[in-house]
Amino acid sequence: GAVQPSTRPAMSSGGFYASLDAGKGSDKDAGGKAAAAGHEALPKALKRKLGTLQYPDFESACLSGHEYCKIVLWLEEEKIRFLEKADRRKLRDFSDEAWYKHAAGYAKELGVPSPEGLNEKDANTKLRILNALTNLAIHDVYRDKVEAKEVGLVAPSKPVSGGGEGKQQLRALVQPLNRLLKQWSLPQLTEDAIDTDTIAALRCVRTRLCVPARPGPSVHLELDELPSGFENDDPEVTRAASVLRLLHSIELGQLQVNINNVINDLQELTADPKTDASLGKVGT
């Protein structure tokens with residue numbers, strides 16, 4: 001079933017999850033030492049998500065033993081809240097040999113793909129399911145905040161700029177480029193612009209200077225017919241994923257063209273080039 005949005009109060013201190021650690025002030029340090037002793041660590045990306053959700057045992061979070069079970073239970077009790085309170089009892093008994101079976105059933109109800117086979121020893125499946133549950137929790141909390149009008153999109157006060165000092169190679173081009181950009185009333189670069197911004201500005205100048213290519217025949221695209229690469233019940237999400245996949249494919253094609261051009265330019269400097277773009281063939 002679909003997860004229903006709900007207005008969530010701040011995490012209570014008297015719930016079942018909190019009672020697991022009652023009277024264990026050093027549990028966080030102990031968990032961290034246990035993780036360092038060989039437990040399956042979480043990827044940094046997943047830990048950032050748990051940190052965003054303010055998971056209380058962040059330092060000891062891992063894929064091993066009860067720590068994994070505690071994360072799943074916390075996500076359900078404090079963020080997702082898909083099950084009725086009475087139905088959560090199966091997830092609360094970490095000593096139950098059937099806990100992973102119950103967790104797999106729970107994940108399947110939430111629409112997590114292929115949760116079958118979840119067990120203590122299968123780290124890849126555990127990670128995949130935990131990541132899916134964490135994403136679902138973030139999505140659910142975000143949706144609640146949007147409905148409560150607690151989320152606002154505010155543009156930055158000034159353009160993002162800067163970067164590693166001393167690592168930018170194109171700073172000398174900023175001022176002459178700005179003079180050209182000013183001629184065409186285009187946005188100018190900041191003095192500490194990073195190289196990627198400078199390259200983007202050079203492309204803008206090149207576009208203005210070069211004769212535009214003849215437009216080819218237009219292609220009509222049906223968004224609903226584009227492959228998304230995954231199954232989703234939300235048509236808007238599917239369309240967005242399809243467009244992103246198409247744009248990524250176009251970028252990959254352009255990347256291949258750029259690689260070919262670089263190879264051709266480099267081989268023109270060698271004594272025995274293997275390609276000649278002017279001939280349109282490989283070999284000499």
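Reply: Let's begin with one term: a residue is called buried when its relative accessible area is under 20%, exposed when that area is over 50%, and partly exposed in between. With that in hand, E78 counts as buried because its relative accessibility is 10%. Please keep in mind that this is a predicted model.

Now to the salt bridges themselves. A salt bridge here is a side-chain nitrogen of Lys or Arg within 4 Å of a carboxyl oxygen of Asp or Glu, and by this rule the count comes to 10 salt bridges. R81 counts as partly exposed because its relative accessible area is 27%.

Next, have a look at E77. This residue forms a salt bridge with R92, and the closest N and O atoms are 2.8 Å apart. The pair links distant parts of the chain: E77 sits in helix α4 (residues 65-80), R92 sits in helix α5 (residues 89-92), and the two are 15 residues apart. E77 is buried, because its relative accessibility is 8%. R92 is partly exposed, because its value is 22%.

Another of the bridges joins K108 and E116, whose side chains meet at 3.8 Å, N to O. K108 is exposed, because its relative accessibility is 55%. There is also a network of salt bridges, which links D57, E67 and K70.

Q54 lies in the loop between α3 (44-52) and α4. Its phi is positive, about 65°, although Q54 is not a glycine. Why point that out? Because most residues other than glycine have a negative phi. Q54 is exposed, because its relative accessible area is 63%. S185 is found in the loop between α8 and α9, and it counts as exposed because its relative accessible area is 68%.

The axes of α8 (residues 174-183) and α9 come within 10 Å and cross at roughly 40°, and the crossing is left-handed. On the α8 side, V174, L177, L180 and L181 take part, and they meet T198, A201, L202 and V205 in α9.

Finally, follow the chain into the loop between α9 (195-209) and α10 (235-267), where you will find L223. L223 is partly exposed, because its relative accessibility is 39%. Together with V243, L244, L247 and I250, L223 forms a nonpolar patch on the surface, with about 440 Å² of accessible area together. L226 also has its place in the loop between α9 and α10, but L226 counts as buried because its relative accessibility is 17%. Leaving aside neighbours within four places in sequence, L226 is in contact with S242 and L246. The C-alpha atoms of L226 and L246 are separated by 8.0 Å, and these residues are 20 residues apart along the chain.

Conventions:
Residues numbered from 1 in each chain as written. Predicted model: local features only at pLDDT ≥ 70, side-chain atom pairs only at ≥ 80, totals over all residues. Heavy atoms only, no water. Patch = residues over 30% accessible without salt bridge, like charges linked within 9 Å, V, L, I, M, F, W, Y side chains within 5 Å. Areas by Shrake-Rupley, 256 points an atom, 1.4 Å probe, with all protein chains shown as cover. Helix = DSSP H or I, 4+ residues; strand = E, 2+ residues; numbered from the N terminus. Buried < 20%, exposed > 50% of the residue type's maximum accessible area, 1.4 Å probe, protein only. Axes fitted to C-alpha atoms, helices over the stretch in contact; angles between N-to-C directions. Left-handed = near helix turned anticlockwise from the far one by under 90°. Contact = heavy atoms within 4.5 Å.
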